[in-house]
Amino acid sequence: MPQVMAAIELSSPAHHRRTGYLLGLRMALVKVLSSLALLLGGGVIGREGPITQIAAAIFRAINRLQPAGWPQLSRQIALVTGGAARLAAAFNTPLGGIVFVVEELTQMPMARFRMAVFSTVIVAGLTAQSLLGSYLYLGFPKVTAPAGWFLATVALVAVVCGLTGAVFAKTLLWLGAYRQRFTSWRQQASWVVGCGLLLAALAYAVGPEGAGTGKPIINRLLFANDGQTPWYLFAVRYAGMALSYSGGGAGGIFATSLSAGAVLGDALCRLGHVPAQDRNLLILVSMVEFLTGVVRSPFTAAILVLEMMDRHSAIFQLLLSGMMAQAVASLVDPHSFYEHLKAGFLRETLTRPAPPAGPPRPTHPA
């Protein structure tokens, strides 16, 4: 995702040739293979991050290869629409794809890209449904939406989960900076092997819930919560996400952040003796808050979770919790995890020699 954000900034006429370093088709193939290797190996990752970069690379290639007589999208809008298509297809959340573009990917006026994004989201969503069927990522959990004193509980949980998500983002940044100390092939290979062995040891110690995206954990907590989730599961998932990321493979943090937030929210419910009928709402709220703490996109997080379960009675609690998590996370770091990574990719790309100029791009009258 930060690669796409950097490529959007580099899509100006002065630097657009450099976007191939971030969004080339060879890179997309490597991302596919790397993600499959991590998922098959039990890595604590999601698929949505690499899909963003792969989708943007495909849209970039199509935009470059369009025949001269066809209407041409701008390079920037082509990359933006690729990012929207990714989120709509990955979780069957078309509104989430639109909100994500507006909130995270671009600062352009919406009038410039609205039709392209809307069209892309519709086509991507229909394609995903034709292959996977009409589904909800989280199903139909029973959710009560109490008001009054319960909003104070939501606020308290927002503070805890938002801060924890922001600390997790700082952990990933620290690990990324530490990994850059290793310059030789032997050092880098030793680091990757060490991360893999530690992750395998954690998964062996706690069982299947210590690996993977964490979606089965969310389903269990929402539909068959017996109140017996191990107290250490959140720490294990936290460490598993950090180890999977620090190994350098391709993986997303949306799905895993949602599962980590669910585990943390369940632990807070049991600690605070929250009634069983109210726990699902706090678990969903915690998912929004932890993800917001990491990526600082409160409205995207809230709309994603809302579309994943189709429980509109909780929309205001989800939106409020995301906004509160954004506020407290900013106390840890005013910039999001993706913004830090985007700045690094921009520096890296701009220091590389620019590729040779290709044939001029055809122009068309308005």
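Guide: The expected span of a helix is 1.5 Å times one less than its number of residues. Keep in mind that this is a predicted model.

Visitor: What span should the 20 residues of helix H13 have, and how far apart are its end C-alpha atoms?

Guide: H13 covers residues 276-295, so it should span 28 Å. Its end C-alpha atoms are 30 Å apart, which agrees.

Visitor: How many residues of H13 are buried?

Guide: In H13, 18 of the 20 residues are buried, so the helix is mostly covered. Just after H13, arginine 296 takes a positive phi of about 60 degrees.

Visitor: Now a helix pair. At what angle do the axes of H8 and H11 cross?

Guide: First, the general idea. An α-helix has 3.6 residues a turn, so residues three or four places apart point the same way. Now the case here. H8 is residues 150-179 and H11 is residues 233-246. Their axes cross at roughly 35 degrees and come within 9 Å. The crossing is right-handed.

Visitor: Which residues meet there?

Guide: From H8, Thr164, Val167, Phe168, Thr171, Leu172, Leu175 and Arg179 take part. They meet Phe234, Tyr238, Met241, Ala242, Tyr245 and Ser246 of H11. By class, this contact has nine nonpolar, three polar and one charged residues.

Visitor: Is lysine 342 buried or exposed?

Guide: Buried means under 20% relative accessible area. Lysine 342 has 17% relative accessibility, so it counts as buried. This lysine is found in helix H16, residues 337-350.

Visitor: What is lysine 342 in contact with, leaving aside its neighbours within four places in sequence?

Guide: Lysine 342 is in contact with Pro2, Met5, Ala6 and Glu9.

Key:
Residues numbered from 1 in each chain as written. Predicted model: local features only at pLDDT ≥ 70, side-chain atom pairs only at ≥ 80, totals over all residues. Heavy atoms only, no water. Axes fitted to C-alpha atoms, helices over the stretch in contact; angles between N-to-C directions. Helix = DSSP H or I, 4+ residues; strand = E, 2+ residues; numbered from the N terminus. Left-handed = near helix turned anticlockwise from the far one by under 90°. Contact = heavy atoms within 4.5 Å. Nonpolar A, V, L, I, M, F, W, Y, C, P; charged D, E, K, R; others polar. Buried < 20%, exposed > 50% of the residue type's maximum accessible area, 1.4 Å probe, protein only.
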